[in-house]
Amino acid sequence: MTKEKFSRELRLLTPDNFNKVFETPIRASSPCFTLLANNQEQKSSRLGLIVPKKAVKKAVSRNRIKRIIRENFRKNQIKYPPLDIIFIAKSDITTLNNKQISELFFKLWKIICHRYKKSVAS
């Protein structure tokens, strides 16, 4: 059985962790959210979430978005290279349902993985 937990080791927790990703990110974005990633020589991928109150007004909606992204990350973390990933929500994300958010996250994550493999190969 595989470990599919979202433990503390799989989260970006400190401002220093976030700043390292912001320095030289690999980007993928849509009108609804942006993913930033950076290789930090970790054993596994780590996730940081930014869902600003300015973009998503209601706490219920912010929590729903974070729950969906955490769940997708948790289920698919084994399939991808060890990257630190930051999810940044935009105001258009409130128009999407859970399935659409999941599919878009998966699509953007594949783009980031492709760009990461290209940068490692060169």
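Arg 70 is found in helix H2, which spans residues 59–76; helices here are DSSP runs of H or I with at least four residues, strands are DSSP runs of E with at least two, and both are numbered from the N terminus. The model is predicted, so local features need pLDDT of at least 70 and side-chain atom pairs count only at pLDDT 80 or more, whereas totals for chains, interfaces and linings use all residues. Residues are numbered from 1 along each chain as its sequence is written, and side-chain values use heavy atoms, with hydrogens and water left out.

**Surface charge**

Arg 70 counts as partly exposed because its relative accessibility is 33%; the term covers values between buried (under 20% relative accessible area) and exposed (over 50%), with a 1.4 Å probe and protein chains only. Together with Arg 8, Arg 11 and Arg 67, Arg 70 forms a positive surface patch. Patches are made of residues with over 30% relative accessible area and no salt bridge, like charges being joined within 9 Å and nonpolar side chains (Val, Leu, Ile, Met, Phe, Trp, Tyr) within 5 Å. Lys and Arg count as positive and Asp and Glu as negative, while His and the chain ends are not counted.

**Salt bridges**

A search of the whole structure finds four salt bridges, each defined as a side-chain nitrogen of Lys or Arg within 4 Å of a carboxyl oxygen of Asp or Glu.

Salt bridges that share partners join Glu 71, Arg 74 and Lys 75 into one network. Within helix H2, Arg 74 and Glu 71 lie three residues apart, about one turn of the helix. Lys 75 and Glu 71, also both in helix H2, are four residues apart, again about one turn. Glu 71 is partly exposed, with a relative accessible area of 33%, and Lys 75 is partly exposed at 45%.

The pair formed by Lys 20 and Asp 16 belongs to helix H1 (residues 15–23), where the two residues are four apart, about one turn of the helix. Lys 20 counts as partly exposed at 35% relative accessibility, and Asp 16 is partly exposed with a relative accessible area of 45%.

**Nonpolar core**

The largest nonpolar core has 31 residues, of which Phe 33, Leu 35, Ile 65, Ile 85, Phe 87, Ile 93 and Trp 109 touch the most other members. At least two residues of this core come from each of strand E1 (26–29), strand E2 (33–38), H2, strand E4 (84–89) and helix H3 (98–121). H3 gives the most, with eight residues. Such a core is a set of buried Ala, Val, Leu, Ile, Met, Phe, Trp, Tyr and Cys residues joined through side-chain atoms within 4.5 Å.

**Nonpolar residues with accessible area**

Ile 111 is placed in helix H3 and counts as partly exposed, at 28% relative accessibility. The C-alpha atoms of Ile 111 and Ile 26 are separated by 9.6 Å, with the two residues 85 apart along the chain.

Val 60 lies in helix H2. With a relative accessible area of 67%, Val 60 is exposed. A separation of 13 Å is found between the C-alpha atoms of Val 60 and Ile 93, residues that are 33 apart along the chain.

Methods. Areas by Shrake-Rupley, 256 points an atom, 1.4 Å probe, with all protein chains shown as cover. Charge placed at Lys NZ, Arg CZ, Asp CG, Glu CD.
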